Amino acid sequence: MSEQEPVEGAAPRGPLRVFLVDDHAMFRAGVRAELGTRVEVVGEASSVAEAVARIAATQPDVVLLDVHMPDGGGRAVLEAMRRTHPQVKFLALSVSDAAEDVIGLIRAGARGYVTKTISPEELTDAIRRVADGDAVFSPRLAGFVLDAFASRPDAPVADPELDQLTNREREVLRLLARGYAYKEIAKELFISIKTVETHVSNVLRKLQMSNRYELSRWAADRRLV
Amino acid sequence: MSSTVTPHPPRLYRATEHRLAAGVAAGIAEHLGIPVLRVRVAFMVLLGLSGLGLLLYAAFWAVVPPRPGDTAAPPRRDLAQLLPFVVIGLGVLLLQVVAFDSVGAAGTAGWLVAIIAVGAGVIWHQSGPERRRQWGDSAVPWLGAVVEESDRRAFVLRFIGGGVLVAVGIIGVAAVYSPAQNFDAVLNGVIFALVGLAGVGVVTGPVLWRTWTQLRSEREGRIREQERAELAAMVHDQVLHTLALIQRNASDVKTVQRLARGQERSLRNWLYKPAASPTERFAAALEQAAAEVEDTFAITVEAVVVGDRETDERVGALVAATREALVNAARHAGVQTVSLYAEVEPEQVSAFVRDRGKGFDPDTVENHRHGVRGSIIGRMKRHGGRAEIRSEPGEGTEVRLILPISGSGSGSGSTAERDR
């Protein structure tokens, strides 16, 4: 996400409580140092079991979640926590931007997906947005979503309301993929930033709820499964 | 980084956690998705057909492996739960004996085969490694010694045990069919042969089975080793050399960034992307162009390509124009990151190159800038497309390239996308 300015209208409050899950201690230390005083890092975990136990104990606002870990990865953490702790938001932070990882984590319930090359300012901003209930889309994620929902005339659609993106949502995603910030998208489409955020959140919800058949077909087309 | 091994399709395993006897019924029930009680009852009912239930159970027990990953010693069997089934089984047998008072030749043979199968199945079953460990830990260590595979004496014992069971079966058959008539004698001979054959098969089966399993695991190991060797070669050829270069150029930030970026891309492609030829596929060609610009100018190109298709002359022109736009952005915008977005749609192919750099006023610059006019706008026009450049000083620049695809393209966009 290339967004230098903080989200407008973000209410001032205490530092956000953030939890790090990554099996590489060096990377955790690096993120902790980069985040500095902008957020409060309340804990770290290096494995799925440790993460599940410590997230339940510390109750952070946002969990930064690695995708690939030895014992099941970020998906296992998400699936273990989602039902019991719905108030904890998850932001995937991974070195992998492979389509199956990104889509898999989002479908499991992550509120956003950023890669590890992200700058500290952008990461802080992404954490804040996720904590506020918004979705964080990188241009690449927007591309994957467009690809996943690409209209195929021969594909049966079980629930058009759920499974199709509206034209507006598609436009927003295209602009996101082209590297526009939310503010610029709002200007381009003559809508408010809040509307852009709503569209993006709806896309995320559709992605989580869209029918299994469509997505597994999409994955099979790309030899992902 | 976890390896991307595709998961096996669901297989039949014995369930060690819900077992009464050996977990066969629980395993089957789980596999078929039906209540376990039904499977158990089915086995009991089949018991009435000359012990078929017992035979089947023994066969499943012998052949179906326990679920992999259940290495921990399974919980103790619930004897109280097992008891009813034993009683039911006995009842079924009793019923059969009462109903068919004269059991007959076939019935007896069935029973004897069932006994042989159960005996041999027990021996066979205990030769599994995790079972041996369990027996070794249990209160009857002598049994563990009997089934210890590495022990030669144990192997002989097991063989003899199986042999004795087989012999008992044969003798039993012989005793029942004391030769009286000619036809019976022939039938008896056939049954003898079959029972003997079955016995030999049951005794030698585990050895063959184990050999086969060993061969399979060896083969899997070899494949893993090969993958590891390939990875090691790649890491040596590329990653280590890049790291060495970075150490020697540590003071030159630009060089370090360029090396790191190039290495990251190459590793990423190696790990996650199926290879496609840049001369044939649009997406691969764009990514190659982006990679070249990244390497040359030490910037990051965030490339997002939606859809794919084959390249032709016109699409090639679009790729070339995109490359030129990327080069311009890298050279003049003064930024570290440039976004590239391309989309293949049935009726058009489009590409967008955007930076958040200095920007310029297109009206004042365009007249004497051949890069933009010739390589981007002119090239797109010549191939029936169009190019727009939106730029404002301080706001960055976006180059939009759009190439309509005529109907004669036969909708190659969507088909190409599918067989990617």
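How much accessible surface does chain A have, and what share of that surface belongs to carbon and sulfur atoms? About 9500 Å², with 55% on carbon and sulfur atoms (Shrake-Rupley method, 1.4 Å probe; for residues, only the protein chains shown count as cover).

The model is predicted: local features need pLDDT of at least 70, side-chain atom pairs need pLDDT 80 or more, and totals for chains, interfaces and linings use all residues. Residues are numbered from 1 along each chain as its sequence is written, chains are lettered from A in the order written, and side-chain values use heavy atoms, without hydrogens and water.

**View 1. Chain A overall.** Chain A holds eleven helices and five strands (DSSP runs: H or I of at least four residues, E of at least two, numbered from the N terminus). Of its 225 residues, 56% are buried (under 20% relative accessible area, 1.4 Å probe, protein chains only).

**View 2. Helices α6 and α8 of chain A.** α6(A), residues 139–148, packs on α8(A), residues 167–177, at about 140°, with axes 7 Å apart (lines fitted to C-alpha atoms over the stretch in contact; angles run from 0 to 180 degrees between N-to-C directions). P139(A), A142(A), G143(A), V145(A) and L146(A) meet R170(A), L173(A), R174(A), L176(A) and A177(A) (heavy atoms within 4.5 Å). The contact residues divide into seven nonpolar, one polar and two charged (nonpolar: Ala, Val, Leu, Ile, Met, Phe, Trp, Tyr, Cys, Pro; charged: Asp, Glu, Lys, Arg; polar: the others, Gly among them).

**View 3. Helices α10 and α11 of chain B.** The axes of α10(B), residues 253–272, and α11(B), residues 282–297, come within 8 Å and cross at roughly 155°. The pair is therefore roughly antiparallel (over 145 degrees). K254(B), R258(B), R261(B), G262(B) and R265(B) of α10(B) contact A291(B), E294(B), D295(B) and F297(B) of α11(B). These residues divide into two nonpolar, one polar and six charged.

How values were computed:
Buried means under 20% relative accessible area, exposed over 50%, partly exposed in between (1.4 Å probe, protein chains only). Angles under 35 degrees count as roughly parallel, over 145 as roughly antiparallel, 65 to 115 as roughly perpendicular and the rest as oblique.
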